[in-house]
Amino acid sequence: MSLQERVTTHFQQLYGEFPAFIVRAPGRVNLIGEHTDYNDGFVLPMAIDRAAWIALRHRDDGRVVLHSLDFDDTLEAELAHLQQSSPDPGEREQSWGEYIKGVAWALQEAGYALQGWEGVVSGDVPIGAGLSSSAALEMAVARTFAAVSALEWDAPRMALLGQRAENAWVGVNSGIMDQMISATGEAGHALLIDCRSLETRSAPLPSDTKVVVLDTSTRRGLVGSAYNERREQCETAARFFGVSALRDVSVDEFEARADELDDVTRRRARHVVTENERTLQAADAMQQGDAARLGHLMNESHRSLRDDFEVSSAALNTIVEIAQGQETCYGARMTGAGFGGCAVALVRAPAAHDFAQSVASQYNDATGLTASVYVCEATDGARVIHPPQ
């Protein structure tokens, strides 16, 4: 049973009728451009065929009632009286319901008049894997509010409000990439996103290639991780160079003054500055259909994330090295914030299945862990699936 069928069936069981709307918003994998988004830089993600799905109908009382099939839990919230909840004792992360309330809060803060709704939600974006399960949920909820409240769907604006929900309500200082690609993804393409202007440029996947996500089965929590610390270190480096963000520092400018920085700040800044350059080069390589060049840049990105930004992990390094060692692999790197989660590889399409099996087997032999490996398709961003639009 597909997720669309699953949420539809459960909705019918709960409410005795077919849902008025079915909404889908995808997770994402970032091909290159890591920890550049909150530095106003460039990223190159693609929306993937794993998503959050909501089946729903209107309510007239200004309430949201949403049942999560994945958590077997129901959120009930009054739009006029949204209240923030703290994580349960011993829990590092906010509950899934805070993302729903956060989006509602951000939309209302921005002046949108919201209508209530009720429904069922489920998703197959692995949680904590670096594939943006939270952004998929946020954009599905934003698309839902737009549908039931007859709001114009302005994808970049909705992405910014989803980011605001995550930053100010949930408490994660994430950049704009995750929400932006979930809102604006294009089938068959990655999207070069300028995280300052929010301008985008389509980048077609090289012909005869597949993107493979390699889930290490290790997890990290963004709130409790060194993510916020890395962000502060980047801001320190930007102040040193007299710019608002490291995006404004060229490789030549960095190298001319790198010796004036302390070791840690220097390495953090070097990653961001060189990663921005790699990301722009990767988009050009995709326009030219140059899979080998794209793969080389992905390999260089992992090396920088591992050594300069220090956000990789033993499990990520192991699975990346195994992937890079396959003859059919153009390149591989960790993806997402790091400290656990997933890597991504670009491989020859005919060999994708064998590649996935080989990497999973060798990773298990090396670590004793079972990797989940997904051969992914690039999909469209957040959509109302029913009624057809």
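1. Basis. The model is predicted: local features need pLDDT of at least 70, side-chain atom pairs count only at pLDDT 80 or more, and totals for chains, interfaces and linings use all residues. Numbering starts from 1 along each chain as its sequence is written, and side-chain values use heavy atoms, with hydrogens and water left out.

2. Aromatic pairs. The whole structure holds six aromatic pairs. Rings of Phe, Tyr and Trp (its six-membered ring) pair if their centres lie within 6.5 Å; planes under 30 degrees apart are stacked, over 60 edge-to-face, and the rest tilted. Trp-105 and Trp-169 have ring centres 5.6 Å apart and planes at 40°, so this pair is tilted. Trp-105 belongs to helix H2 (residues 96-109) and Trp-169 to helix H4 (residues 155-170), so the contact ties together parts that are 64 residues apart in sequence. Helices (H or I, at least four residues) and strands (E, at least two) are DSSP runs, numbered from the N terminus. Both Trp-105 and Trp-169 are buried. Buried stands for under 20% relative accessible area, exposed for over 50%, and partly exposed for in between (1.4 Å probe, protein chains only).

3. Phe-240 and Phe-241 make an edge-to-face pair, 5.0 Å centre to centre with 85° between the planes. Phe-240 is partly exposed at 25% relative accessible area. Phe-241 is buried at 15%. Ring pairs join Phe-240 and Phe-241 with Phe-254 in a cluster.

4. Charges over rings. Arg-50 lies over the face of Tyr-374, at 3.8 Å from the ring centre. Arg-348 lies over the face of Tyr-330, at 4.9 Å from the ring centre. The criterion is NZ of Lys or CZ of Arg within 6 Å of the ring centre and within 35 degrees of the ring normal.

5. Salt bridges across the chain. The search of the whole structure gives 28 salt bridges. Each is a side-chain nitrogen of Lys or Arg within 4 Å of a carboxyl oxygen of Asp or Glu. Arg-59 and Glu-118 meet at 2.7 Å, N to O. This pair links distant parts of the chain, with Arg-59 in strand S3 (residues 45-59) and Glu-118 in strand S6 (residues 116-123), 59 residues apart. Glu-118 is buried, at 8% relative accessible area.

6. Asp-263 bridges to Arg-266, with the closest N and O atoms 3.2 Å apart. The two are three residues apart in helix H8 (residues 263-287), so about one helical turn separates Asp-263 from Arg-266. Asp-263 is partly exposed at 41% relative accessibility, whereas Arg-266 is buried at 19%. Arg-270 and Asp-308 form another salt bridge, 2.8 Å from N to O. Arg-270 is partly exposed at 29%, and Asp-308 is buried at 11%. Elsewhere, shared partners join Glu-17, Arg-57, Arg-59, Asp-61 and Glu-118 into one salt-bridge network.

7. Second largest pocket. Its space is about 160 Å³. A pocket is an open set of points on a 1 Å grid over the protein atoms alone, where a 1.4 Å probe fits, with protein on both sides within 12 Å along at least five of seven lines; lining residues have an atom within 4 Å of a point. Points are joined across faces, edges and corners, and the volume is the space filled by probe spheres set on them. The second largest pocket is lined by 15 residues, with Leu-75, Glu-76, Ser-85, Glu-98 and Lys-101 nearest its centre. Strand S5 (73-78) and H2 each give two or more residues to this lining. The largest share, six residues, comes from S5.

8. Backbone. The peptide bond from His-386 to Pro-387 is cis, with omega near -5°. Pro-387 sits in the segment after strand S13 (383-386). Ala-150, in the loop between helix H3 (133-148) and H4, has a positive phi near 55°. Ala-150 is exposed at 70% relative accessible area. Asp-208 also has a positive phi, about 60°. Asp-208 lies in the loop between strand S8 (200-204) and strand S9 (209-215) and is exposed at 53%.
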